[in-house]
Amino acid sequence: MRTWLVHIVGDADLGVPKDAEPELRTTRVQALRESADPSGALVLLDWPGPVTASLSPLAAATRGMNAPAALVLVATAVTKPIAEALAHALTVAPAAFGVEFGTVVIAEGDLAEARVTTAVAQALAPAASGDQAVLTWGSGSTQLALGVMDAVIDRGLRWRMSVVGVDSAGGDHQIFDPTLGLRADPMRALARRWGYTFDSEAGRWHRAHLAPDLDGLGLLVADLLTKGDATSGFAVREYIWARYRALRDPAHPDLRQWAEGQVHNARPTTGRLLGVIERLGPHAAPAVRAAVDSTAGAWLTSQPAKLLNRIGARSSHSLLPPCPQDSQLLRRELGMTLATTAWYLGVLGDQPEVRRNELFLAVHDNGADRAVVDYLGFAEPADVPRRYLVLGTPPTHSHAGTYPHTHELAARLGTGVADLAPATPEAAHALLTQHWAAITDQVGAIVLIPSGPKPVVLPVLLAAYRIAAENGIPLYVRELANDGTMHRLVTRFGAHRDLLELAGHALSTVELDVAARVLEACGQTSLADRARRLAIALSCRTLDNSRWPTELPDTGQAILTRGLLAQRLLVCAELAARHTDPGHTVRALCAARAVIEESVRKSATGRTADQEWVHFRNLLNRSSDQASRLMAAVIELRDALPIVHGPHLSSPAELARLIADKLTTAGVRGAVSRPTAATVLAAAAHTARAVPALGMPMAAHRGPMLSELFAALRDDVAAYAAAEWERLVAAARLA
């Protein structure tokens, strides 16, 4: 196992003070190049004239380091001469730091963090499975340090941070390992947040799925709504009526049965039944009035019951997760934590840097950063609730403490200043934990704006990392030089394989929003972005095709909606083909109905979305061609399905008979070879363009199919998971 020391080169490597004349740097670079014995200058900063410390950053970082080791010197155009001088000096005195570097590489970038990330990634390309990285912090630009961190995380290396105190006379040094000291397993916290459970909890969740009582149904509803499951409307409906049954006095008439008798020929949906009960007429029987006035009746006519039903309907009809505005209701009724607030943290520097202040103010005025918006599932930046914590700076020998402009910014944000003293990881963690306790069930993402002195920023970064990791939420670090770029710190190293397998399962079951969030937790932002774009395309969530898969052509509204319906149905057909159990069969059929409805509703131009759907259904029902009848049968199948969860879960044979009966009634039984969800949905997809009611453009499709993009993403995630497994095995062997 080789250790890769990744060091950001700067004046501190020469002991040059900040206020020194440029000639001092030039003189020392030249002296280092020409010295026959540069050990003293390399290690102890043994230079005539002023120096910043008595120990160099590289000397501090290499304490206790063993061979084999490699050194990557990260430089910009300004610091490249220093890097070249250090590399040359190490050829003259290879053992100066007590460990010989088998490889010394200069990775040249600039202050654009993406370029630094690329340069360091190229330098780390030879790293083998099981290698680890040590990153220096405190001796160079914070921007460069974050770019280096991105490259190491992307490379999949386990890393530690070597913190060097360049302002202290003793060259203070400590190692931070992000996997140590956590009070909870980050993977468990993250998986649980998105509806996945572990052995100790499996019994409770198993009972909730197979024989749900009222409490179990509450768990189930929270689980399905979190995942954006197309069957969540069924579970919500069952929860509403289960709670009614638990409250009902047997002496009162059953309001559900009574309401079903009032709707006559209309389909007795839960929303329609609740409306009938709420609008009880003056001629209702006294017994019915008494039932409506009872505790059980009050539940059915309550705002929470109606809102829950709407949330379930939105999920089942549109494949949409709960809105952030629903979080309070879901927390109160189901104990469901819908953490949707972004918590912005920041430390300000010693100057009233207007641009850096404006990063906070831009978030306050315009909304959260796009990466945070996408992760939390919002449409627009302004929709994301934001909280702020502005941290003061403790006094040191170089500055007097919290600056006046810090208080001015906090006042504009509507918050106060939390003074951090001393600037240690322990003090920062205690301070952040104190504030976290009041908002723990609200925050879904933490964002650090890392301006301010490096000795203060780092403890805050480490404390924020611990809180994020232990609670299964992402920590983003905002780039300062290029507005809008975010660094994502993964929550656990060495657990990628488990998270990737979880993401693979979510992709296999078309839980795309969950897959995107889990992939992002692994640091796989590119894979996460692909999953998120596919989720948008499948559910037709927005017609802004800049947020759709980049492989799809830039087309108009008609193609993005009705024009891609056949492809959406194929994705549902493949879900049913991969998982043939009754639960997934019903999920596939429910999802198919939802994508048909959204494809039609989102295509509306001269009508409202509701009017467009009604018009389409009327046209479909008046058509006699096979393609139209098959499409109508798919739409009607969902309403004929039994409740997907509970002891009366249908067997595959029972579902096949139900599908066959529906096809026979529609006169299209001969359209499929076997009455399964997979064959029915595939047939509907292949004949969709022949449905007159869709009126789709007949232009040939350009670019890959949605199902092909799904398959490619699943394959890439599986390949990355296999590579992660190989890395873990290699590391275990070397250990």
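This passage describes the fold of a predicted model, from its overall make-up to single residues. Because the model is predicted, local features are reported only at pLDDT of at least 70 and side-chain atom pairs only at pLDDT 80 or more, whereas totals for chains, interfaces and linings use all residues. Residues are numbered from 1 along each chain as its sequence is written, and side-chain values use heavy atoms, with hydrogens and water left out.

The protein contains 32 helices and 12 strands. Helices (H or I, at least four residues) and strands (E, at least two) are DSSP runs, numbered from the N terminus. Of the 735 residues in the protein, 56% are buried. Buried means under 20% relative accessible area, exposed means over 50%, and partly exposed lies in between, with a 1.4 Å probe and protein chains only. A contact is defined by heavy atoms within 4.5 Å. Among the contacts in the protein with a separation of 6 or more, 69% are accounted for by residues 24 or more positions apart.

Strand 5 (residues 158-164) has 5 of its 7 residues buried, so this strand is largely enclosed by the rest of the structure. Strand 4 (residues 132-137) and strand 5 pair in the parallel sense over 6 bridges; two strands pair if DSSP finds at least two bridges between them. W137 has V163 of strand 5 as its bridge partner.

Helix 23 (residues 512-521) and helix 24 (residues 525-539) have axes that come within 8 Å and cross at roughly 165 degrees. Axes are lines fitted to C-alpha atoms, for helices over the stretch in contact, and angles run from 0 to 180 degrees between N-to-C directions. Helix 23 and helix 24 are therefore roughly antiparallel to each other. In this scheme, angles under 35 degrees count as roughly parallel, over 145 as roughly antiparallel, 65 to 115 as roughly perpendicular and the rest as oblique. The crossing of helix 23 and helix 24 is left-handed, that is, the near helix is turned anticlockwise from the far one by less than a right angle (clockwise would be right-handed). Helix 23 contributes L512, D513, A516, L519 and E520 to the contact, and helix 24 contributes L527, A528, A531, R532, L534, A535 and L538. By class, the contact of helix 23 with helix 24 has 9 nonpolar, no polar and 3 charged residues. Ala, Val, Leu, Ile, Met, Phe, Trp, Tyr, Cys and Pro count as nonpolar, Asp, Glu, Lys and Arg as charged, and the others, Gly among them, as polar.

Several loops hold backbone features of note. V510 is placed in the loop between helix 22 (496-508) and helix 23. Phi of V510 is near 60 degrees, a positive value in a residue other than glycine, and V510 is buried, with a relative accessible area of 16%. A positive phi, near 55 degrees, is also found for L45, again a residue other than glycine. L45 is in the loop between helix 2 (39-44) and helix 3 and is buried, at a relative accessible area of 3%. In the loop between helix 3 (57-61) and strand 2 (69-75) lies P68, which is joined to A67 by a cis peptide bond with omega about 0 degrees.

L461, in helix 21 (residues 454-471), is buried, with a relative accessible area of 3%. L461 and L345 are 116 residues apart in sequence and 9.4 Å apart in space, C-alpha to C-alpha. E598 lies in helix 27 (residues 582-601) and is buried, with a relative accessible area of 6%. Leaving aside neighbours within four places in sequence, E598 is in contact with H317, S318, S539 and C540.
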